[in-house]
Structures are given as C-alpha cells and as structure tokens.
Amino acid sequence: MGSTSLIPPSTGMPHVPEPDLLQVLTPEGHRRPDHDLDPWLEDVTPAMLGSLHRDMTLIRRIDTECTHLQRQGELALWPPLLGQEAAQAGSAVAMQDDDYVFPSYRENGVAYLRGVDPLGLVRLWRGATFAGWKPQDHNFAAQQIIIGAQALHAVGYAMGITRDGADAAAIGYFGDGATSQGDVNEAMVFAASFHAPVVFFCQNNHWAISEPVGLQAKRHIADRPWGFGIPAMRVDGNDVLAVMAATRRALERARNGGGPTFIEAVTYRMGPHTTADDPSRYRDTEEVEAWRAKDPIDRLEKHLAELGEDVEALTADSTAAADAMAAELRAGVADLEDPEPADLFSHVYAEPHHELERQREHYRLYLEQFDGPQLEAGAR
C-alpha cells in the first residue's frame, strides 16, 4: 500500500484502517518506492549508507558500554536506547549545524552525532557535573529529566529564531509517554499559534516506563497534533532512511516558513527504561523477539547486501571504530575525578549572592556531623 507524507486525522471510529507507516526499507532490507520520501533521498549513495551503518554501530556501542559501566558502579544511572538507533541517527544527520536540539534524557545517540564527547555523557550520568558539554558548542541543550519540559524550550527557541530572522529550526525530542504531559500539549499550542519553526520528534518506543502506549493513546499519536493545526508524519522508526527523509522534510518546511511539524517515529525500546528498571516484569519475551527481527542495523546490512556491497568488511570497519571509541571512553572514565561537596554550589548562578552563601554554610555545618569530605567555609 502507498503512504502519504502528512497523515490526515482519523475519524475515531474503531473500524477505520490504521494509516500506513512511512517506510523506505522493509525489515528484510528491500528498498520500496515512496513518492513522498524518495525526493528527500536522492543524494543517498552506498557510501552514505555505510556512514549511517557506522553511526548506528557507534551509538549502540556507547549505549552498551555505558550500561556496563552503570552495572559496574561507575555511573549512577543510564537510560538505554538499544533498538532506537535509526530514529536517532536518521534524524540527527538530517539537521544543519545551526539547527538547535532540545533532547530528553535518552537522546545520547543524537548527542554523539552533534559532536558531544561520550565522556561528557558519562560525567553527567555519573553525577560529576551539572552538564557534560556547553550547549552552544553543539547547538544541543542539556538533557531534560522532567518529562516533556523540553518541548516548551524548543518552541521558545524557535519563536526566537523567527524574531531574529534566522534561517534555522529547532527540534524537540520526547517519548510517547510525554505526549500525555501538559508541557508537550502547551508547546504545540504555542507552536501552532506563532507558526514556530520547530519539529516535534516523538520516539514512540511502545513503553512509558512500565505502561504500554495503548493505555494512554487509543489512536495513533500522530493523530493528536492535527487538533492543534500541526501536520504530522508517522514513520517507521527502525528505518534510518525513512526517518532521515521525514526529518529533512520537516526541518526544511520549518526553515521556509511552513511552521511546526510533528513526527511520530514508531520504534521499540529493547532494554529497560533505565538501568533501575526490570522490563521482564511487565512485557513478554515474544514481543521483544518480534521487534528484534526489525533491528535497524540488521535491516541496513540486508539492504547493503542487496546493493552488492561488502557487508562483512563494512561491519568490520564499523566494529573497529566502535572498539576504539569504547577503549577511549573507558580510559577516560578511569581518569575522572569526582567533584568536592563544595562544587554543588558552583555554577548555579552567574554571580554569588547571600542566599547561596547561606545554603553553602548550612551544608558545611551539616557535613561536619559526619566523617568524610568537608566544605571549606567560603569556598568557591
């Protein structure tokens, strides 16, 4: 069946067929024609596909290494993204340098492709810093833990782009669960009202912690934005080419004055919500295995094989790059120094003030009751 780039809102009747996913690569790796997405993929070459394979392999390795580091006590927590590599890589490579990203806590792959050092991610999730990078260096904001709050930040920044007359766009990432938060819905009201150059990118990974997406969304999430006057696309989130094409189109529309667009990337969280979660308590192995067959990296490898590319050599190169990055990451972790207690009060405000000093002194007195590191009075 064909697909349309902007899915019309459903009637709400239970018997209405579900709209197609926008898809370019099938799970078997076959390239299927799509008149809406193909124009945005005319520059795709085997070399570009190889680069995407490398990107996704590196993203997966960062995720694997950081999960192991948390299990080994080096990180306080880690939010795995296993299975969502295509959604993150495909959208990240579609951006221009001056586009600005407002992530949730799971967009570690997007962060890496925007130039963030993986060690910065580690320092953040280790609790050794308030932020592991300077947002202005990568046009990538600090990761947002409050569910959905970054959607408002993205729209506010996009409204600023319009007022400045700049040729850029903002993109805000969130999960399916965040679409039930007031912040996301309020952000869509503002985006539609002010015609903001913003893309809402929802990674529907089917589970909002332990609750399935069907509990909060009786229709597709891509149906919702139409009520705000925002066109939506529902894309196969495990198809890196479809994601890239959809994101390119949405960002170009934003830059050219077309206003906001909503993308629902349908993917799957193969691992836990965070390393503090046990997904075996709320989902069965059959569901996981069904999605494992749609693995985004395997899908791209199958497609490359169809094109006659040397997949074995490509995989070896990608794996070697991932091994080197992982070794560098672990070496960096070994050299990390944890902050002193006094550092808790550093970089909270641009300038010190009385209330902050009062809190610092109270904390120093509190720590004096225990053995261990002490705050020096007046330390900066």
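Author: Buried means under 20% relative accessible area, exposed over 50% and partly exposed in between, using a 1.4 Å probe and protein chains only. The model is predicted, with pLDDT of at least 70 needed for local features and 80 or more for side-chain atom pairs, while totals for chains, interfaces and linings use all residues. Residues are numbered from 1 along each chain as its sequence is written, and side-chain values use heavy atoms, leaving out hydrogens and water.

Reader: Does Asn 139 count as buried or exposed?

Author: Asn 139, which is not a glycine, has a positive phi of about 50°. Its place is the loop between helix H5 (135-138) and helix H6 (149-164), where helices are DSSP runs of H or I with at least four residues, numbered from the N terminus. Because its relative accessibility is 15%, Asn 139 counts as buried.

Reader: What is the relative accessible area of His 347?

Author: His 347 also lies in a loop, between helix H12 (311-334) and helix H13 (354-367), and its phi is positive, near 65°, although the residue is other than glycine. His 347 is exposed, with a relative accessible area of 75%.

Reader: How many aromatic pairs are there?

Author: Rings of Phe, Tyr and Trp (its six-membered ring) pair if their centres lie within 6.5 Å, with planes under 30 degrees apart stacked, over 60 edge-to-face and the rest tilted. By this rule the count of aromatic pairs is 15.

Reader: At what angle are the planes of Trp 78 and Trp 125?

Author: Trp 78 is buried at 0% relative accessible area, and Trp 125 is buried at 9%. Their rings form an edge-to-face pair, 6.3 Å centre to centre, with the planes at 75°.

Terms used. Helix = DSSP H or I, 4+ residues; strand = E, 2+ residues; numbered from the N terminus.
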